[in-house]
Amino acid sequence: MTTLRLATRESALALWQTEHVAARLREAHPGLDVVLVPMTTRGDQLQDRPLSEVGGKGLFLKELEVAMMEGRADAAVHSLKDVPMELDGPFELAAVLERANPFDAFVSVKYEALEELPFGAKVGTSSLRRQSLLRAHRPDLKLVDLRGNVNTRLAKLDAGDYDAIVLACAGLERLGLGGRIRETLTAPRFIPAAAQGAIAIECRQGQAEVLALLSALDHAHTRACVSAERAMTRTLGGSCQVPIAAYATLNKDKLSLEGLVGRASDGKTVRGYASGPMSEPDKLGQQVADMLVSRGADALLDL
């Protein structure tokens, strides 16, 4: 192949991520012409309701997958946290790039940290996971849904619509907006979404030439960590309709996984932790999922 076409959403962050992937591919394969195919997805169009009410994060993938099926694109670039735990149709994740900052960011105009927010402060986030964790830590806060791209959300904060908002650190840092982060909300208190901070490249199964080109960007350590996180979430049947958090770390060949299932309405959470060999991430994810169920997570998942 001399040309590779990458489907991408049209948001500033999605375009940055796809340009980053394109640059890495050109570096790995001198002479390869990498072309971006930008498009608007259903998830981008529906900005007036929470994703949990309109079909979930898979709405960000459908149009890109159609473009691959119709031969208008060879691969698609995604934030891996937006990719459903089970891919529909004849698709696979050809590469997972090295993970950036996986944690959530507390962003505010007036306040330096979550603890400084006054009683009853208004905090914007569309994530049920973030709502659950915030309620567990600060049940007094007024949590309000917040949709839109990064710049749209920041503009609403700056206009005074919220006292603070919570976003992914990686997205802010990739857009050169890391200076807006007042506090990084880290594990174990604030566990991120499965695969948060990782970029993935999706393609159709059986495309040997495409796979050969994309596999050069696969980062084995990140792949192991996010595989454990996604296996845990998949075993629990998780989607954006249920607050589930998962974060894996790797020390030499030992993989450790923290998992959480929560309830957005009252902040009730169930946590689990286990470790295992790097070579068996799916087994570790299933182990932590079973642990969470044994501790009462099934009652939260049924809501």
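At what angle do the axes of helix α9 and helix α10 cross, and within what distance do they come? The model is predicted. Two packed helices are described by the angle between their axes and the distance between the axes. Here, helix α9 covers residues 220-235 and helix α10 covers residues 281-301. Their axes cross at roughly 40° and come within 7 Å. Angles under 35 degrees count as roughly parallel and those from 65 to 115 as roughly perpendicular, and α9 and α10 are therefore oblique to each other. The crossing of α9 and α10 is right-handed.

On the α9 side, the contact is made by A224, S227, A228, A231, M232, R234 and T235. On the α10 side, the contact residues include P281, L284, G285, V288 and L292. Sorted by kind, the residues of the contact of α9 with α10 are nine nonpolar, four polar and three charged.

Next come the backbone details. Most residues other than glycine have a negative phi, and most peptide bonds are trans. The loop between β9 (183-185) and β10 (199-204) contains P188. The peptide bond that joins A187 and P188 is cis, with omega about 10°. A195 also has its place in the loop between β9 and β10. A195 is not a glycine, yet its phi is positive, at about 70°.

Last, the side chains. Which residue has its charged end over the ring of Y162? The residue is K122, and its charged end sits 5.5 Å from the centre of that ring. As for rings with rings, the count comes to one aromatic pair, where centres must lie within 6.5 Å.

Conventions. Residues are numbered from 1 along each chain as its sequence is written. This is a predicted model: local features need pLDDT of at least 70, side-chain atom pairs count only at pLDDT 80 or more; totals for chains, interfaces and linings use all residues. Side-chain values use heavy atoms; hydrogens and water are left out. Axes are lines fitted to C-alpha atoms, for helices over the stretch in contact, and angles run from 0 to 180 degrees between N-to-C directions. Helices (H or I, at least four residues) and strands (E, at least two) are DSSP runs, numbered from the N terminus. Angles under 35 degrees count as roughly parallel, over 145 as roughly antiparallel, 65 to 115 as roughly perpendicular and the rest as oblique. A crossing is left-handed if the near helix is turned anticlockwise from the far one by less than a right angle, and right-handed if clockwise. Contact means heavy atoms within 4.5 Å. Ala, Val, Leu, Ile, Met, Phe, Trp, Tyr, Cys and Pro count as nonpolar, Asp, Glu, Lys and Arg as charged, and the others, Gly among them, as polar. Rings of Phe, Tyr and Trp (its six-membered ring) pair if their centres lie within 6.5 Å; planes under 30 degrees apart count as stacked, over 60 as edge-to-face and the rest as tilted. A charge sits over a ring if NZ of Lys or CZ of Arg is within 6 Å of the ring centre and within 35 degrees of the ring normal.
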